[in-house]
Amino acid sequence: MRQVIGSGRSSARSIARARILLALDESSGVVPVRTQVAQRLDASGDLVRSVAEAFTTYQDVDLAIGRKSRVTPPVEPKVTGDVEARVTALACSAPPEGYSRWSLRLLEKHVALLDDVPGLDHSTIGRVLKRGRSSRT
């Protein structure tokens, strides 16, 4: 924990939580009351309580002071591999009559007509094509 505090490479949140755990460490002698730890470290009593509970639950310093990683992203991505393949295939096909090549706005209009592909903005279509290195010619 002292490495987390002294390295300067950890987040401020992790450093504050590590300081709380060091203050609550029973091996260093008499443990002060949680309200005294909160006052001394300029933290809330709820934060001291939650850090202590997290350490008691996990029995691991990294889990007690670190952030819990998300299992799923906050928003499901619209562009999956199947959508990317469909957009790329459309861009590689012959352009509609009256056009010499596909533009991003023209692709946007035609993607909106496809049933199994969600409506995508022209900038999103451009990123999909750039990622796939399509030439749109």
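With a relative accessibility of 30%, Arg86 counts as partly exposed, a class lying between buried (under 20% relative accessible area) and exposed (over 50%), computed with a 1.4 Å probe on protein chains only. The model is predicted, so local features need pLDDT of at least 70 and side-chain atom pairs pLDDT 80 or more, while totals for chains, interfaces and linings use all residues. Residues are numbered from 1 along each chain as its sequence is written, and side-chain values use heavy atoms, leaving out hydrogens and water.

The side chain of Arg86 meets that of Asp116 in a salt bridge, at 2.5 Å from N to O; the term requires a side-chain nitrogen of Lys or Arg within 4 Å of a carboxyl oxygen of Asp or Glu. Arg86 belongs to helix H6 and Asp116 to the loop between H7 and H8, so this pair ties together parts 30 residues apart in sequence. Helices here are DSSP runs (H or I, at least four residues), numbered from the N terminus. Asp116 is partly exposed, at 46% relative accessibility.

The whole structure holds 3 salt bridges. Another joins Glu84 and Arg131, whose closest N and O atoms are 3.5 Å apart. Glu84 lies in helix H6 (residues 81-92) and Arg131 in helix H8, so parts 47 residues apart in sequence are tied together. Arg131 is exposed, with a relative accessible area of 52%, whereas Glu84 is partly exposed at 21%. Arg49 and Glu53 also form a salt bridge (3.3 Å, N to O); being 4 residues apart in helix H4, they are separated by about one helical turn.

Attention now turns to the interior. In soluble globular proteins, nonpolar side chains tend to be buried together.

The axes of H7 (residues 104-113) and H8 (residues 122-132) come within 9 Å and cross at roughly 105°, which makes the two helices roughly perpendicular, a label for angles of 65 to 115 degrees. These axes are lines fitted to C-alpha atoms over the stretch in contact, with angles from 0 to 180 degrees between N-to-C directions.

Technical notes. Parallel < 35°, antiparallel > 145°, perpendicular 65-115°, else oblique.
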